[in-house]
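Colleague: I have a few quick questions about this one. Can you put it on screen?

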Amino acid sequence: MNNKKNKELRSLVRIITLAILSIILVIFSFIEDESLKIPKRQTTIGTITDITDISRRYKYTKQYSILKNPYNANIVIKYEVNGTQYYKKERKESYYPFNSGNNDYRIGNKVKIVYNKDNPNESAIDELKMYEIIIWIIVIIEIIIIINILYKKVKKS
């Protein structure tokens, strides 16, 4: 009887673990970093040369806050691969005015570009920060440890 209970418990822990990992996988799939979709990834540094079509989207909310009204603009970046210059234009959103001191997107700023080794025209701004990946890995490890501790406590009782 005790052995049957342990098997059921192990099965339940596996199901919970798989469910949590599936949820985390779904969250990762919603990361909107276009650079993840580029095959044969190579990186280089580009320079923002122009910011055009700046607009601001207004949403009606109970609290009128700048956080509810992001700015949008086309960011033009010049980058070089094997002596050839390329240009990338991407639409970006920011909660700060473009070219302000608080915004990373200012003319002259350097940005990391990910491009296809076989087709350098296929590129994107690399926005996925390493610390975000590390935080997610730590969260996954903590969840696995908590499940393991709970399993051992329930198994002892």
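Colleague: Which way do strand 4 and strand 5 run, and how many bridges join them?

Modeller: Strand 4 and strand 5 (residues 119-125) run antiparallel, with four bridges between them. Keep in mind that this is a predicted model.

Colleague: How many residues sit between strand 4 and strand 5?

Modeller: Two residues, and the two strands form a hairpin.

Colleague: What stands opposite I113?

Modeller: I125, which belongs to strand 5.

Colleague: And strand 1, how many bridges join that to strand 4?

Modeller: Seven bridges link strand 1 (residues 41-56) with strand 4, and that pair is antiparallel. In one of them, R41 has N116 in strand 4 as its bridge partner.

Colleague: Why is strand 4 described as largely enclosed by the rest of the structure?

Modeller: Because five of its seven residues, within the stretch 110-116, are buried. Here buried means under 20% relative accessible area.

Colleague: What about the chain as a whole, how much of that counts as buried?

Modeller: Of its 157 residues, 29% count as buried. The protein chain exposes about 11,300 Å², and 58% of that comes from carbon and sulfur atoms.

Colleague: Change of topic. How many helices and strands are there?

Modeller: Two helices and five strands. Along the sequence the order is α-β-β-β-β-β-α.

Colleague: Last one: what share of the contacts join residues at least 24 apart?

Modeller: 63%, taken among contacts between residues at least 6 apart in sequence.

Technical notes: Residues numbered from 1 in each chain as written. Predicted model: local features only at pLDDT ≥ 70, side-chain atom pairs only at ≥ 80, totals over all residues. Heavy atoms only, no water. Buried < 20%, exposed > 50% of the residue type's maximum accessible area, 1.4 Å probe, protein only. Pairing = 2+ DSSP bridges. Contact = heavy atoms within 4.5 Å. Areas by Shrake-Rupley, 256 points an atom, 1.4 Å probe, with all protein chains shown as cover.
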